[in-house]
Amino acid sequence: MATRVLMIKADGSVLVHSDGGSYKPLNWMSPPATFREGTTEDGEVEWTVTATKTDDTLRILIGEVISDSSHDLGIDPGLRKDGVEKHLQELLAEHPGTLAAGLTLVRREFPTAIGPVDLMCRDEAGLSVAVEIKRRGEIDGVEQLTRYLELLNRDPLLNRLGPVRGIFAAQEIKPQARVLATDRGIACALVDYDSLRGMDDSEHRLF
């Protein structure tokens with residue numbers, strides 16, 4: 001026996017939470033399931049939750065009820081995440097100079113045979129710069145940008161761009177990713193999403 005948070009959801013799922021273990025419950029039963037409240041031979045309150053398809057059963061003994069409440073959450077409006085890569089790309093396209101002084105946008109989602117480059121820009125010297133944007137910068141992102149750069153710098157159809165260098169931009173860049181990027185001549189740029197959003201809001205108020 002221990003203090004637990006028991007959650008019964010409208011979709012029929014039952015979850016048993018402790019104060020540790022982050023978001024994952026200690027135990028749970030997914031719908032469809034049947035819920036029954038009864039008592040044991042010793043007179044303890046017992047919840048029995050049985051899965052409809054498998055007959056798996058979750059038994060919960062209730063020794064003491066500390067708090068009991070019910071809330072109607074209404075219709076789920078869906079989830080809108082703030083600061084996802086799409087938002088970062090939109091903001092950085094509006095403010096490429098925050099990545100490097102004098103950087104200007106040529107095109108968003110610049111097409112290549114292996115996928116689009118998030119931002120294609122030009123620097124102060126007029127040279128092309130490919131920008132890969134991630135929320136969390138890891139080795140996979142550096143590898144992805146490396147493949148883009150290799151293709152851009154050897155594809156005859158893209159020679160009009162001239163030499164293309166890369167910038168790996170993220171809200172957080174893992175040390176291993178930064179080391180790999182530096183080794184490959186790729187610049188790293190930390191992105192402050194709140195500052196970018198503030199710049200965008202200020203411009204909207206101005207105009």
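# Pocket, sheets and buried residues in a predicted model

The largest pocket holds about 1300 Å³ of space. Of the 31 residues that line this pocket, the closest to its centre are Val 5, Leu 6, Met 7, Ile 8 and Trp 47. The structure described here is a predicted model.

The lining of the largest pocket divides into 16 nonpolar, seven polar and eight charged residues. Strand E1, strand E5 (45-51) and strand E6 (57-62) each supply at least two residues of this lining.

## The three-stranded sheet

Strand E1 belongs to an open sheet of three strands, ordered E1-E2-E3 and paired in the antiparallel sense. Strand E1 (5-8) and strand E3 (27-29) are the edge strands, and each pairs on one side only. From one strand to the next, the twist averages 10 degrees. Four bridges join E1 to strand E2 (residues 14-17), and the two run antiparallel. Within this pairing, Leu 6 stands opposite Val 16 in E2. Leu 6 is also among the residues closest to the centre of the largest pocket.

## The hairpin of E5 and E6

Strands E5 and E6 form a hairpin with five residues between them. In the turn, Asp 55 has a positive phi of about 70 degrees. The two strands pair in the antiparallel sense over six bridges, and the bridge partner of Glu 46 in E6 is Leu 61.

The side chains along E6 alternate between two faces.

## The five-stranded sheet

A further open sheet has five strands in the order E7-E8-E9-E10-E11, with mixed pairing. Strand E7 (104-110) and strand E11 (187-190) stand at its edges; each has a single partner strand, so one side of each is left without a neighbour in the sheet. The twist in this sheet averages 30 degrees from one strand to the next.

Strand E9 and strand E10 (residues 164-173) pair in the parallel sense over nine bridges. One of the positions in this pairing is Glu 132, whose bridge partner in E10 is Phe 168. In general, the strands of a sheet pair through backbone hydrogen bonds, in either a parallel or an antiparallel arrangement.

| Strand pair | Sense | Bridges | Facing residues |
|---|---|---|---|
| E5 and E6 | antiparallel | six bridges | Glu 46 and Leu 61 |
| E9 and E10 | parallel | nine bridges | Glu 132 and Phe 168 |

Lys 134 lies in strand E9 (residues 128-137). Its relative accessible area is 17%, and Lys 134 is therefore buried, the cut-off being under 20%. The side chain of Lys 134 makes a polar contact with the side chain of Gln 144, at 2.9 Å.

Ile 167 has its place in strand E10. Ile 167 likewise counts as buried, because its relative accessibility is 2%. The C-alpha atoms of Ile 167 and Gly 185 are separated by 9.2 Å, and the two residues are 18 residues apart along the chain.

Conventions:
Residues are numbered from 1 along each chain as its sequence is written. This is a predicted model: local features need pLDDT of at least 70, side-chain atom pairs count only at pLDDT 80 or more; totals for chains, interfaces and linings use all residues. Side-chain values use heavy atoms; hydrogens and water are left out. Two strands pair if DSSP finds at least two bridges between them. Axes are lines fitted to C-alpha atoms, for helices over the stretch in contact, and angles run from 0 to 180 degrees between N-to-C directions. On a 1 Å grid over the protein atoms alone, a cavity is a set of points where a 1.4 Å probe fits but cannot get out, and a pocket is an open set with protein on both sides within 12 Å along at least five of seven lines; lining residues have an atom within 4 Å of a point. Grid points are joined across faces, edges and corners, and a volume is the space filled by probe spheres set on the points. Ala, Val, Leu, Ile, Met, Phe, Trp, Tyr, Cys and Pro count as nonpolar, Asp, Glu, Lys and Arg as charged, and the others, Gly among them, as polar. Buried means under 20% relative accessible area, exposed over 50%, partly exposed in between (1.4 Å probe, protein chains only). A polar contact is a pair of N or O atoms within 3.5 Å; within protein, one must be able to donate a hydrogen and the other to accept it, and residues adjacent in sequence count only if both atoms are side-chain atoms.
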